[in-house]
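These are my notebook entries on a structure I looked up.

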Amino acid sequence: MRRTIADWILIALSIVVLVATGVYLIIAWGSIPDKIPTNFDFSGKVTSYGGKGNIIAAYVMDILVSVTLLLCAAFPKSWNVPGKAKNNPETYIAVKYMLESMALLLALFFGYLLYAMAKLIVLKASVCIAFIALLAIGSIAPFVIPKLK
């Protein structure tokens with residue numbers, strides 16, 4: 001399956017966000033406090049704290065998840081597409097876009113999460129709800145948009 005301009009844009013944006021997050025963490029490392037909030041309840045109250053190492057762990061997880069999604073998008077033969085959809089090329093295109101858009105959304109969310117941890121910003125429940133809504137839209141849109149034509 002050939003890559004389109006949209007594929008390259010999604011992949012490039014994901015990589016740019018991952019690299020920008022890493023650069024930010026390197027630049028801001030000295031100003032990040034030793035004790036950072038790692039867990040919040042729905043009212044925004046901090047329920048646990050951790051050290052700077054949690055930021056590194058979250059960044060590594062961000063890279064692993066995003067790169068895994070991008071690699072999965074590159075190998076369509078590894079996808080488990082059921083029934084009649086297996087013979088439909090539009091299904092494969094939609095799954096590819098879904099995986100690439102999810103990689104970008106996760107990179108953006110983790111980037112914001114790491115920024116919030118470094119700046120001691122309280123993460124509101126509304127941010128998490130908005131992220132979940134964007135993930136849902138990013139998962140469904142590649143399947144719905146082609147049908148609107």
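This is a predicted model: local features need pLDDT of at least 70, side-chain atom pairs count only at pLDDT 80 or more; totals for chains, interfaces and linings use all residues.

Where is the place of Leu-71? I located Leu-71 in helix α2. With a relative accessible area of 49%, Leu-71 is partly exposed; the cut-off for exposed is over 50%. I then looked up its separation from Ala-103: Leu-71 and Ala-103 lie 32 residues apart in sequence, and their C-alpha atoms are 10.0 Å apart in space.

**Entry: the chain as a whole**

I next noted the overall make-up. The protein chain contains four helices and two strands. Read along the sequence, these elements follow the pattern α-β-β-α-α-α. I found that the C-alpha trace spans about 55 × 30 × 25 Å along its principal axes. The protein chain has 149 residues, of which 37% count as buried.

**Entry: helices α1 and α3**

How do the axes of α1 and α3 cross, and within what distance do they come? I read that the two axes come within 9 Å and cross at roughly 15°. Angles under 35 degrees count as roughly parallel, and α1 and α3 are therefore roughly parallel to each other. The crossing of α1 and α3 is left-handed. I also looked up the classes of residue in the contact of α1 with α3: 16 are nonpolar, four are polar and four are charged.

**Entry: aromatic pairs**

How many aromatic pairs does a search of the whole structure find? I noted three aromatic pairs and describe two of them here. A pair of aromatic rings is described by the distance of the centres and the angle of the planes.

I began with Tyr-24 and Tyr-115. Their ring centres are 5.5 Å apart and their planes are at 55°, an aromatic pair that is tilted. Tyr-24 belongs to helix α1, residues 5-28, and Tyr-115 to helix α3, residues 89-119, so this pair ties together parts that are 91 residues apart in sequence. Is Tyr-24 buried or partly exposed? I recorded Tyr-24 as partly exposed, at 24% relative accessibility. Tyr-115 is partly exposed as well, with a relative accessible area of 35%.

I then turned to Trp-79 and Tyr-92. Their ring centres are 5.7 Å apart and their planes are at 20°, so the pair is stacked. Trp-79 lies in the loop between α2 (53-74) and α3, while Tyr-92 lies in helix α3, so the pair ties together parts that are 13 residues apart in sequence. I found that Trp-79 counts as buried, at 13% relative accessibility. Tyr-92 counts as buried too, at 17% relative accessibility.

**Entry: charges over rings**

Which ring does the charged end of Arg-3 sit over? I found the charged end of Arg-3 over the ring of Trp-8, 5.5 Å from the ring's centre. I also noted Lys-96, which lies over the face of Tyr-97 at 5.2 Å from the ring centre.

**Entry: further positions**

Val-17 is placed in helix α1. I recorded a relative accessibility of 16%, at which Val-17 counts as buried. Val-17 and Leu-134 are 117 residues apart in sequence, and from C-alpha to C-alpha they are 17 Å apart in space.

Ala-57 has its place in helix α2.

Where is Ser-31 found? I located Ser-31 in the loop between α1 and β1 (36-40). Ser-31 counts as exposed, at 58% relative accessibility. I looked up Ser-31 together with Ala-118: the two are 87 residues apart in sequence and 8.2 Å apart in space, C-alpha to C-alpha.

How values were computed. Residues are numbered from 1 along each chain as its sequence is written. Side-chain values use heavy atoms; hydrogens and water are left out. Rings of Phe, Tyr and Trp (its six-membered ring) pair if their centres lie within 6.5 Å; planes under 30 degrees apart count as stacked, over 60 as edge-to-face and the rest as tilted. Buried means under 20% relative accessible area, exposed over 50%, partly exposed in between (1.4 Å probe, protein chains only). A charge sits over a ring if NZ of Lys or CZ of Arg is within 6 Å of the ring centre and within 35 degrees of the ring normal. Axes are lines fitted to C-alpha atoms, for helices over the stretch in contact, and angles run from 0 to 180 degrees between N-to-C directions. Angles under 35 degrees count as roughly parallel, over 145 as roughly antiparallel, 65 to 115 as roughly perpendicular and the rest as oblique. A crossing is left-handed if the near helix is turned anticlockwise from the far one by less than a right angle, and right-handed if clockwise. Ala, Val, Leu, Ile, Met, Phe, Trp, Tyr, Cys and Pro count as nonpolar, Asp, Glu, Lys and Arg as charged, and the others, Gly among them, as polar.
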